[in-house]
Amino acid sequence: MSDTSETKNDVVTVEKFHWSDLYKKEDWLAVWIGFIVIIIAAIAVLLGKDGNAAFNFKALNFSKWGPGASDSLGSQLSKASFWTALIRTFLVTGVLFSIGAKLKGQSLKDYIPAYIVLFVLSIIVRLISAEFTFNRYLEWAFFALIVGLLIANTIGTPSWLKPAVQTEYYIKAGLVIMGFSVLFSNIIKFGPYGLAIAWLVTPVVIIFMWFFGTRVLKLDNKPFVITIATATSVCGTSAAIATGAASKAKKTDLSLAVSISIIFTVLMMVFEPLILKALGVSQLIGGALIGGTVDSTGAVTVAGTALGAEAQKAAVLVKSIQNILIGFIAFFVAVFFAKYVDGGNGGARNVGAGEIWYRLPKFILGFFAASLVASFIIKPIAGSAAVSSINTILDQYKNWAFVLAFTSIGLDTNFKEIAKQLHGGKPLVLYIVGQLFNIVLTFLVVWITLSGKLFPIPVLN
């Protein structure tokens, strides 16, 4: 994506590493941006006393408003704390992303005005998604995509706005921040149950969708096939970005995969809990099934909550354990594509460590590093409460990065281009068949592990 390579006569020319890559390449910049936010949030919490942060570094989070909510939009807008948080969010994200844009070689004269407008659009998205009724059923990701799509497919995305429309840039930084919340201790909480559900099913679904897409549907666009396969089996957009980078998928491939994933995530988030309730499925089994099959972490929480408190815990634990796979899958996809796909002759070829390093999305290293720091440094030293407090701050910065990314996806997506990519509906068939297989296999593993027929039923605290 940010790097280039050429494949000729089964020989891949790999771009050499330069030290300047560490501050000029998008993947590395995403790592530094993510860690700057993590470090400041950690300092604020660790230097604080009696559970209070040493200074306020929180990003703006709209409270629910509208009929049925305990707060009103007018009440929020009248508070000085609201505008302080908004300004803080704009300055932190704007300064970091602008510095990164400059280091990438962009003109700040072009980027900053475009970013300001993109940020305003993101405020509108967060505002709409915080409305009480909308918030109950739909995530901000849906509204971000819709707002962007409406602009792109009506008046068209203005050329002066395009310098800030950088989906991968924002979501990569968001993923590094998200890494701090992916604690390895979650594996211990759910033990072998979570590992079986999240780590056994996921690779099987990816392999199934790969062979179904390339052999049965005969889709030639292999980066797209692997991107939508991981989006389906892991966690939607986050996995799609990581795998798309590893397989060198085109921007249009990524947009199509994300669009399909979001549409079906919304449908599953609403209807899966209703169906599970109607079938009388227990909360533990239903929650684990939701965690393993609904693509987005936020949607998993909403769907699990709709089923019940125990279901929510099971759903979030399974999805959290599944999220740990993002980095591993990106690594294996990079190796697989380098060795078996990009050679062009259909067979395996020798792949050096240099090529694997080149193909590996570097921001994934930041994701892993953040997870390791949280799991094995901050938590043992400062305790779970400190990690939780840090994540409370980081969660909103991650969300703002993702809103910027999803809005960018919409602004960069044209329905006519998507229609050309549908190839007679084959991508939709691939997703639907893959998701059905995912649901059936996940339910089978969930029933085997959590029904009590073969293994003791775990108690979730």
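Two helices, α9 (residues 185-216) and α16 (residues 325-341), each contribute at least two residues to the lining of the second largest pocket. The model examined here is a predicted one. The second largest pocket holds about 390 Å³ of space. Its lining consists of 15 residues, and those closest to its centre are Pro203, Ile206, Ile207, Phe332 and Val333. Sorted by class, the lining comprises 14 nonpolar residues and one polar residue, with no charged residues.

Leu91 is located in helix α4. Leu91 counts as partly exposed because its relative accessibility is 46%, a value between the limits of 20% and 50%.

Most residues other than glycine have a negative phi. Lys218, however, has a positive phi near 55 degrees and is not a glycine. Lys218 is found in the loop between α9 and α10 (residues 222-235). With a relative accessible area of 58%, Lys218 is exposed, since exposed residues are those over 50%.

A positive phi, about 60 degrees, also occurs at Lys248, again a residue that is not a glycine. Lys248 sits in the loop that lies between α11 (residues 237-247) and α12 (residues 251-278). Its relative accessible area is 25%, so Lys248 is classed as partly exposed.

Note on methods. Residues numbered from 1 in each chain as written. Predicted model: local features only at pLDDT ≥ 70, side-chain atom pairs only at ≥ 80, totals over all residues. Heavy atoms only, no water. 1 Å grid on protein atoms, 1.4 Å probe; cavity = no way out; pocket = protein on both sides within 12 Å on 5 of 7 lines; lining within 4 Å. Points joined across faces, edges and corners; volume = space filled by probe spheres on them. Helix = DSSP H or I, 4+ residues; strand = E, 2+ residues; numbered from the N terminus. Nonpolar A, V, L, I, M, F, W, Y, C, P; charged D, E, K, R; others polar. Buried < 20%, exposed > 50% of the residue type's maximum accessible area, 1.4 Å probe, protein only.
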